[in-house]
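Subject: Structure handover

Hello,

Here is the structure you will be working with. Please open it beside this email and follow along.

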Amino acid sequence: MSQKHHQSYQPLPTAAAAMDNPAMSNSSSSSGSNDDVAGSEPLGLPATYSSQQLVTSDFDSMERLRGNDPEPPPRSTTASQWFTVGVLCFVNLINYMDRFTIAGVLTEVQSDFHIDNDEGGLLQTAFVVSYMVFAPLFGYLGDRYSRRWLMAIGVAMWSTTTLLGSYMHQFGWFLTFRALVGIGEASYSTIAPTIISDLFVNSMRSQMLAMFYFAIPVGSGLGYIVGSKTAHLANNWRWALRVTPILGVIAVVLICLIKDPKRGASEGTHNLEPTTFWTDIKELVKNRSFMLSTAGFTCVAFVAGALAWWGPTYIHLGLKMQPGNEDLKLDDVSYKFGLVAMGAGLIGVPLGSFLAQRLRHRIENCDPYICAVGLFISAPMVFLALIMPRTSGTFCFIFVFLAQVTLNLSWSIVADMLLYVVLPTRRSTAEAFQILISHALGDAGSPYLVGAISVAIKGHLSAQPKMISQPSLQSMSQVLENATEAVTATLRDMQFTPTKSSSSDVISFEALQYSLFSTTFVEVLGGIFFLCTACYVIKDRRKATQASMVKDLNLAPSDNKTDLFDSDCLVMCTDIALRERA
């Protein structure tokens, strides 16, 4: 070993060494006399306690290289950090309020533009398609440029396009502006979680992510409520789209006030440099935990998108067929559905984060298991909710609540898994990649797909109406030939020949019910993907931790193939580098 490295391993003087060496003690005393006047620390160690910090840094860094990722001592959260998280949660809340406002007034929108279920679902699909297409662009920019200004521009854009879209009276233009809203939202959704990851680490990061994703179901529920009630008060569904733009202006101002932390700051890796976009993509594709968890989250997005878009309309059709509910309005159902969604979010998202934090000490790969169990429980709850509207509205909403609670368990956990299995410099790209895949195969197509299937089933059911045939009426009259004339006349009046409106309601309900049954199978498939994720998540987490530490200390080879080092070699090299840096 070189002389330079021999020198770097020389132990730092400690208080004990100073006591054993009078010369060192006297030197410290004489050199520190002036400091005593200024009120500095007593004799011995300098005021910075550099030797203690070096030992702690060495230990933590080597433990992270071994993949253990030790929990740092608890630190108080600063006011700046609370403000940043609060702003991000507020923007996420109004983001999902805007996204599901139309779902609360969907019947009015369909009546205004004279469109069926397939084109009604296309409104959400157009939004999500543009959202997922532009997500990779903003993910690339978010890893390299100011995240604060990217978010501010994005929020300003979707607020403006939402407001302008409310004045469109042609369906084509209205559809176009809904698609433009997705571009603005893509800039925010890909970047905000990475800011939280750079502010916090380990359990504190999990708690803040739970708070952030807690805004998704709550915001969705508020979207139903605000949309339906605003439309009812204004007697015009277009006013429902003019609430969130006002809140968007406030959000832009608040975003401009937050601080953008350095990438990887929470992990103590300050010297990481971003790699090329294609290198990021190739590394993400090879990350099995990331790809499998993305596949599982795609199933979650598919189910959430379909149920959120068609849930109020479907329940409304079923409840209307109950006696006494003939005049039931969609506004009332959307309001109740929104309350249920909010309640499920209040419980489900924090519960998932709580379970993960409690179980990680005993089961290291518990995160994907929690997601899988949640989906396996949610699937039968969705099935029961779909068969209840015609018989019991109360039980229908109970099963909807249970289905959404268990579905919401995975929101913050999936985001946390992404952050700890991916390098800090490619997290925005990973967020964008996950958004692209999960929305392309998930909620981008599920509203339109469910609507299109229901239209096809509706056409099949309409071609075969359920009416009593003439031979059946003749046999019935033969059985009742000994009855009195009054009773016979009464029975003839009771002959079932459904009217056009009641027939169309029944057929629409059954068609939408059959198409929504597909979501239960998708949930089971998502649970299987998460079970597969559990097989790789521990290895991939340790690999990401080691790679980030090696790159931060400039130990990695030029081709970034850090797997050429074993763990012990990395620890030794890190020990040398840390002491040289000190």
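**Salt bridges**

Arg147 and Asp260 form a salt bridge through their side chains, at 2.9 Å from N to O. Arg147 lies in helix α10 (residues 147–165) and Asp260 in the loop between α14 (244–255) and α15 (277–286), so the pair ties together parts 113 residues apart in sequence. A salt bridge here is a side-chain nitrogen of Lys or Arg within 4 Å of a carboxyl oxygen of Asp or Glu. Side chains of opposite charge can pair when their charged atoms come close.

Before going on, note that this is a predicted model: local features need pLDDT of at least 70, side-chain atom pairs count only at pLDDT 80 or more, and totals for chains, interfaces and linings use all residues. Residues are numbered from 1 along each chain as its sequence is written, and side-chain values use heavy atoms, with hydrogens and water left out.

Are Arg147 and Asp260 buried or partly exposed? Arg147 is buried, because its relative accessible area is 1%. Asp260 has 30% and is partly exposed. The cut-offs are these: buried is under 20% relative accessible area, exposed is over 50%, and partly exposed is in between (1.4 Å probe, protein chains only).

Next comes Glu364. Its side chain meets that of Arg542 in a salt bridge (3.6 Å, N to O). This pair links distant parts of the chain: Glu364 sits in the loop between α17 (330–359) and α18 (366–387), Arg542 in helix α27 (residues 537–552), and they are 178 residues apart. Glu364 is partly exposed at 39% relative accessibility. Arg542 is partly exposed too, at 32%. Salt bridges that share partners also join Arg147, Asp198 and Asp260 into one network.

Not counting residues up to four places away in sequence, Glu364 touches Ile538 and Arg542. Contact means heavy atoms within 4.5 Å. The C-alpha atoms of Glu364 and Ala534 are 9.4 Å apart, although the two are 170 residues apart along the chain.

How many salt bridges does the structure hold? The structure holds 9. One more of interest joins the side chains of Lys458 and Asp116, at 3.5 Å from N to O. Lys458 is in helix α22 and Asp116 in the loop between α8 (106–113) and α9 (117–142), so this pair ties together parts 342 residues apart in sequence. Lys458 is buried, at 18% relative accessible area. Asp116 is partly exposed, at 33%.

**Two packed helices**

Two packed helices are described by the angle between their axes and the distance between the axes. Helix α16 (residues 288–320) and helix α22 (residues 446–463) pack at about 60 degrees, with their axes 8 Å apart. That makes α16 oblique to α22. Angles under 35 degrees count as roughly parallel, over 145 as roughly antiparallel, 65 to 115 as roughly perpendicular, and the rest as oblique. Axes are lines fitted to C-alpha atoms, for helices over the stretch in contact, and angles run from 0 to 180 degrees between N-to-C directions.

Which residues of α16 and α22 meet? From α16 come Ala301, Phe302, Gly305, Ala306, Trp309 and Trp310; from α22 come Ser446, Pro447, Leu449, Val450 and Gly451. The residues of this contact divide into 8 nonpolar, 3 polar and no charged. Ala, Val, Leu, Ile, Met, Phe, Trp, Tyr, Cys and Pro count as nonpolar, Asp, Glu, Lys and Arg as charged, and the others, Gly among them, as polar.

Look at Gly451 in helix α22. Gly451 is buried, because its relative accessibility is 0%. Leaving out residues up to four places away in sequence, Gly451 touches Asn117, Asp118 and Trp310. Gly451 and Ala511 are 60 residues apart in sequence, and their C-alpha atoms are 9.2 Å apart.

**Other places and the whole chain**

Helix α12 (residues 192–199) is mostly covered: 8 of its 8 residues are buried. Among them are Ile195, Ile196 and Asp198.

The protein chain has 28 helices and 0 strands. Helices (H or I, at least four residues) and strands (E, at least two) are DSSP runs, numbered from the N terminus. Of its 582 residues, 51% count as buried.

Best wishes
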